[in-house]
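Hi everyone, thanks for making time today. Let me put the model up, and then we can walk through it together.

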Amino acid sequence: MTVAMAGHIIKGSVSHVGSSGCLDNDTKIGPSHSQDGLCSAPKHYQDLLTLTFAVRQINENPSILPNITLGFHILNSYYVPKMTYKATLNLLSTQHDFLPNFKCDSQKNLMAVIGGLASATSVNMVNILGIYKIPQLTYGSFSTEQDNKMLFPSLYQMVPNEAYQYLGIVHLFQHFRWTWIGLVAMADDYGDRFLQAVVPLLSQNRICYSFILRTPKAYFMEEVVEHLLSLQEKVNSLMENKANVYFALGEPPTLNLMRIQLSTLLLGKVWIVTSQWDFDSIHPEMMSISVLHGAISFAVHSSQPPGFQTFLQTIKPFWQRQDGFIQDFWEQAFECSLNNSKKSESGTICTGEERLESLPGTLFEMSMTGHSYNVYNAAYAVAHALQFMYTSRFKHRTLVERGTEAIHHVEPWQLHHFLRGVSFNNSAGDTVHFNKNGELVEGFDVTNWVTFSNGSFIRVKVGRYDPQAPRGQELLVNDDQIVWHRSFNQTLPSSVCSEGCHPGYSKQKKEKEPFCCYDCVPCPEGMISEQKDMDACVECPHDHYPNKHHSHCIPKFITYLSYKEPLGITLAILAIALFFITTLVFGIFIKHKNTPIVKANNRSLTYVILTSLLLCFLCSLLFIGQPEKMTCLLRQTVFGIVFSVALSSVLAKTITVVLAFMSTKPGSRMRKWMGKKLANSIVLSFSCIQAAICTIWLSTYPPFPDRDMHSLNGIIILECNEGSAVMFYCVLGYMGLLAIISFTVAFLARKLPDSFNEAKHITFSMLVFCSVWLSFVPAYMSIKGKSMVAVETFSILASSAGLLCCIFPPKCYIILLRPEVNSKEQLIRKK
């Protein structure tokens, strides 16, 4: 069957009007081109009418190809390669005889061919048309693997590159946060190429596929039943799967068969389909369209040219004598018979007054479909290319003057240059032009399919995908307009393997599962996740810490031992009080410096000890307040040196007492060691050792102000970093050594007879000193923050107060309260 319109220039078209999804008389499903078994597809009849409408518009437009009439010849391919080749060769033959490759009789002036709808049909056509370099404009899908301009230089696509469509659907998945997708494709080469392109694309965009379902081909009813039974086992498990979104690909002629197989099995899911999908006419008992209610499809952008619906309203059964498809279309669409001698199954005779607008959308749509819109643009693209070609070849004469002379002096291959550069605005206001690969530069409409119980449906445009838009703005979707499948109660469907992890949690991949399947684990200490579904928790900045739920960072609280807090105030008051007490004791000793008790215990060493204690109490104030560079340098070293002087003086005092009693023995040689020189030498030598240690410390690893951000959660500790822990403990260890030596000597001299013998008091004071600092070391190492500083400050005050309270109160008691004891006679009295 064919459709033809005479003209000076012929456009060929190899279309599909026969369906591959209907039952014929031999219970065979699939391509059929016999007159008896043919089951036409009314949906694709609109493509034929669209070409007729476009050619009529062009011929009636005086600004396009004046004095030249376009014609066309439409042949059916039936999706059968043999019939496709035959139809293509028929276009290259004479008007009355099938003689391809010969010029005789009345030759067709063929300039371009429009077709086909399926990629396999287009390839079969281009294999022949490419030999003659005849431009071919395909208006259906075309596999990206075959998309090679070097391989098919005469092919032009009235649809964008298929890879853009796949990328747009991936963006749609990301928009709705669908990461667990089911893939459905026919078990053929086209399905293989689809999976090879889509599976890596999904993985690159952090989307997983739950399963891949390959629907087998079948041509006989027995095969269909057998495949349905085999699919049932798979589908039962799929229905329990968490994937609520299925991405399905198919193209004519396998599309109807695929829908038949799936519609009886898979219900209540969101179908995402490509631009090839459509509701072809099919018997309701074989497939309910309700399975696709709420489906979302990517369709090539289409508009409604003015006058198209009016043109469709004029179509009658005998509207054009050359239309060989109208009878089958009319009889199947309206279920009646145009031949009085042959009644339809319903026994109805067509009146000829039936109206196309009364047909349901599954059979025929009054609005121009996407494929028909591609045919419309293809016809105008050829017309504009011809217009440019004739204008450039005959610059000095008008096209009217040229007449048919222009027609017979051009060849189809000459049209390629002008087709590549064609650019025009069609009657719907859309711009049509090709890129360097011969692909239409256009976007996709995102449409929502809404079905009704009476078998009708509507397509609602809910968004648009424009590959040429700025990054991040390619996809625009109006979520509120989308109607979802009834099983979702109009709430946004969720299709994820694992529910999203809330802030404060991160993903932990499950073993032997895709990366989209994971457990949610709390963020570890010191880390947060501010957003949902974060792959890993991140650390807070150094000056921040996580909140209780580990969902965001909070600035850390800065702390140090301050004069404004109770602990700092207490220690400062205690230091000052001890300083004044020591000053008072010092004053008492100066006032009574000539008394025996002061003179008997080496007055100079006593003054040195009291002065050292004064400085010890004052240096403890260096530990309170915000650490500065100078205070950090001074506080440990000053304390170490001053306290070493005090301990050295105590040691010298003890040694002096021992030597004094040893020198009283007859013939003792210790007398020559008696005197101030020995005491001064002891104090100076032992103090210089500590000073040397401190000097080495300051010259190698000096203390410095530091911020400890990790010891305590949520707190920044302003502290003095000691620079070298080894040097710090050397200073403490040396003071401990002096204390132990003093304690040992004093302990040995505690029983020497003397009313003013200080050995007992020094022994007790060294015992207090050693107890304080032995307790200090473990406490200092086990605590953090300002408590460390407070412990060291308290240890300084306690050990200094121990020296003060153990050595000097007995003397002050005698000086102030027992002056009668403070005499020379008492001094030389023995026990």
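Where is the place of Leu 65? Leu 65 sits in the loop between α1 (42-60) and β3 (70-76). A quick word on what you are looking at: this is a predicted model, where local features need pLDDT of at least 70, side-chain atom pairs count only at pLDDT 80 or more, and totals for chains, interfaces and linings use all residues. Residues are numbered from 1 along each chain as its sequence is written, and side-chain values use heavy atoms, with hydrogens and water left out. When I say helix or strand, I mean DSSP runs, numbered from the N terminus: H or I of at least four residues for helices, E of at least two for strands.

Most residues other than glycine have a negative phi, and most peptide bonds are trans. Leu 65 has a positive phi of about 50° although it is not a glycine. Leu 65 is also buried, at a relative accessible area of 2%; buried means under 20%, exposed over 50%, and partly exposed in between, with a 1.4 Å probe and protein chains only.

Now look at Asn 489, in the loop between β16 (475-477) and β17 (505-509). Its phi is near 55°, again positive in a residue other than glycine, but Asn 489 is exposed, with a relative accessible area of 64%.

For the peptide bonds, go to Gly 115 and Gly 116: the bond from Gly 115 to Gly 116 is cis, with omega near 0°. Gly 116 is in the loop between β4 (110-114) and α3 (119-132). Thr 121 lies in helix α3 and is buried, at 5% relative accessible area. Setting aside neighbours within four places in sequence, Thr 121 is in contact (heavy atoms within 4.5 Å) with Ser 77, Tyr 79, Thr 84 and Gly 116.

Next, the interior. A nonpolar core here is a set of buried Ala, Val, Leu, Ile, Met, Phe, Trp, Tyr and Cys residues joined through side-chain atoms within 4.5 Å. The largest one has 66 residues, and Leu 137, Trp 330 and Leu 356 have the most contacts inside it. Helix α10 (370-393) is among the elements that give two or more residues, and α10 supplies the largest share of this core, 13 residues. A second, separate core of 61 residues includes Cys 616, Phe 623, Ala 739 and Cys 812.

On to the sheet. Eight strands form an open sheet with mixed pairing, in the order β8-β7-β9-β10-β11-β14-β15-β16; two strands pair if DSSP finds at least two bridges between them. The edges are β8 (208-215) and β16, each with a single partner strand, so one side of each has no neighbour in the sheet. Inside the sheet, β10 (residues 270-273) and β11 (residues 296-300) run parallel and are joined by two bridges, with Val 273 opposite Ser 297 in β11.

Last stop: which way do two packed helices run? Helices α19 (residues 759-782) and α20 (residues 786-807) pack at about 175°, with axes 8 Å apart. That makes α19 roughly antiparallel to α20. Axes are lines fitted to C-alpha atoms, for helices over the stretch in contact, and angles run from 0 to 180 degrees between N-to-C directions. Angles under 35 degrees count as roughly parallel, over 145 as roughly antiparallel, 65 to 115 as roughly perpendicular, and the rest as oblique.
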